[in-house]
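Reader: I am new to this structure and would like to understand how its chains meet. Could you take me through the interfaces step by step?

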Amino acid sequence: VISHIDSLFQLVDFLGVFVGAISGGLMAVRDTRYKYDVVGVVGLAFATALGGGIARDIILQKGPPLAFVDVRYLVLALSGAFVAMIFAGRMRGRAERVMVLIDAAALGLFAVAGTTRALNAGLRPLPALLLGGVTAVGGGCLRDVLSGRTPRIFEGGQLYAIAAVLGSAAFLLSDRLGDTREVSTIIGTLCGFGVRSLAVMYDWQTRPVRSQD
Amino acid sequence: VISHIDSLFQLVDFLGVFVGAISGGLMAVRDTRYKYDVVGVVGLAFATALGGGIARDIILQKGPPLAFVDVRYLVLALSGAFVAMIFAGRMRGRAERVMVLIDAAALGLFAVAGTTRALNAGLRPLPALLLGGVTAVGGGCLRDVLSGRTPRIFEGGQLYAIAAVLGSAAFLLSDRLGDTREVSTIIGTLCGFGVRSLAVMYDWQTRPVRSQD
Amino acid sequence: VISHIDSLFQLVDFLGVFVGAISGGLMAVRDTRYKYDVVGVVGLAFATALGGGIARDIILQKGPPLAFVDVRYLVLALSGAFVAMIFAGRMRGRAERVMVLIDAAALGLFAVAGTTRALNAGLRPLPALLLGGVTAVGGGCLRDVLSGRTPRIFEGGQLYAIAAVLGSAAFLLSDRLGDTREVSTIIGTLCGFGVRSLAVMYDWQTRPVRSQD
């Protein structure tokens, strides 16, 4: 059973990188401020798909980032960039909805995976929670900063970073309560995935913090 | 005496992180280009308060950044973010002047602390000076880049980065002249603090470098 | 012969950092959106000249970045910044063309040097290729992001990142075919230099990827 679950985690991880690359590439193709060429599409796809994990590994300092060690991540990110370039016109409607779902699953898994790595490196729960969040949303933030704007997750809108943090928190709670890592990972991922999916379905939004000045 | 001085350094360090988080959070609350939500306020507060130290530790590569190891930094940064959100309307006048003073003290201390860590890691004085500057101003730079703009310290205005570099230089000079680390730290911190405070008081400004084209 | 070649590599490396700093400083002096002061000019010069190598070393995690260990890099970058400030008005016409040539040579060498370091750290060819590209173009990207805009290399225009990647690829191919590191380095650097120079001479441009929406 465990090996099946591990395969499932691996699948979600890979799909998340692939879908992240597509969404980063699409954002480049559709950008109206800048006219991105192939370098820009690949660059923004890589940043979106791999940025969070690279940030996580640079912070943990346990050797080169996984994205540079396991070559499959680069291959997936590159494939996603080319899918975005070739099929940009058709990535509407159902395809986009499927991508949102996969992205939600990856959001949950990335958050939990970042938190797990942090715990393994000896960090305490609060920093591990933060690192889970960084892993899950870091790629999108890097993509936005590289596009010359503030991270979208910083602005009022549908729950995203909060879903990641809740997923990490659920994982930490389950871990603290004595569940095995596999069970905690499933619970945390499902929690992040669930909150994000519900936020999309029912349009749960965060309010902008207004200045009282 | 030494333990008292260490406690004082620790206090300035903690206050600096707290005030940094408040100022980053306030900037998010008051931003007119983007409508930040709670994630944005916390994100910009964290970036401002912890960005410089994280950059320093990532460059020195002696293990995970202090902000991820000593959980008090995260707690302080989080508290600062919430203070900014709740008291944004009252953070004017005297409160703001107190924050500028604390920030000036932290500017001096962060610069010296970054330089000290660089020397301890075996770096030579010039790189240690640069790393002191990065530690002191890196958080504000990260905040500005995450807000989709150039770092404010890069533009003409009241001395800031230069105060940090002068503080580091005073520390290095004192260290080179054979003073103990405590004495050098006090001298360097006071120098950075003094230059920055005087710049605020007497409005010492840097001139924009003008193109002769 | 080998020691002569090593000296040549070192010369191109140093010249590349120096010219990178000048070009970053000039961009700051000539910027029309922001009014940079001396801190901004030095900051953007450092980012341009040293950013790529620092990114490479932070990713490889083999100790502090070379730019912080070998003090000559900082001295060169600082000199370049001051040259930009003092001679900004005269950096037109022939001086600019010479700088483009030196930058093209440095582009090739930086790409190959990044790939070499990646191979030495045990990375496989594809990540090593990416790291070569990051080393060669990372400084310019950092400069652009610090200027509040998207990296210029992401936009349609004269081949730049592609020249770096082709140089790295030529190096990897030559290395795989059994050439010595010196020969492979020369081939890779000349390839990157050649493609970039020809792109400038004949105005080879990448096309913007257009959205079919």
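Predicted model: local features only at pLDDT ≥ 70, side-chain atom pairs only at ≥ 80, totals over all residues.

Reader: How many residues of chain C are in contact with chain A, and what area is buried between chain C and chain A?

Author: On the chain A side there are 34 residues in contact, and these face 30 residues of chain C. Carbon and sulfur atoms give 68% of the area buried between the two chains, and that area is about 2700 Å².

Reader: How many salt bridges does the rule find between chain B and chain C, and how many residue pairs are in polar contact?

Author: A salt bridge needs a side-chain nitrogen of Lys or Arg within 4 Å of a carboxyl oxygen of Asp or Glu, and across the interface of chain B and chain C the rule finds zero. For polar contacts, with both residues at pLDDT 80 or more, the count between these chains is 10 residue pairs.

Reader: Which element gives the most residues to the side of chain B that touches chain C?

Author: The elements that give two or more residues to this side are helix H2 (38-60), helix H6 (125-146) and helix H7 (161-176) of chain B. By class, this side has six charged, eight polar and 16 nonpolar residues. The element that gives the most, with five residues, is H6(B).

Technical notes: Residues numbered from 1 in each chain as written. Chains lettered and ligands numbered in written order. Heavy atoms only, no water. Contact = heavy atoms within 4.5 Å. Buried area = accessible area lost by both parts, 1.4 Å probe. Polar contact = N/O pair within 3.5 Å; in protein donor to acceptor, adjacent residues only side chain to side chain. Helix = DSSP H or I, 4+ residues; strand = E, 2+ residues; numbered from the N terminus. Nonpolar A, V, L, I, M, F, W, Y, C, P; charged D, E, K, R; others polar.
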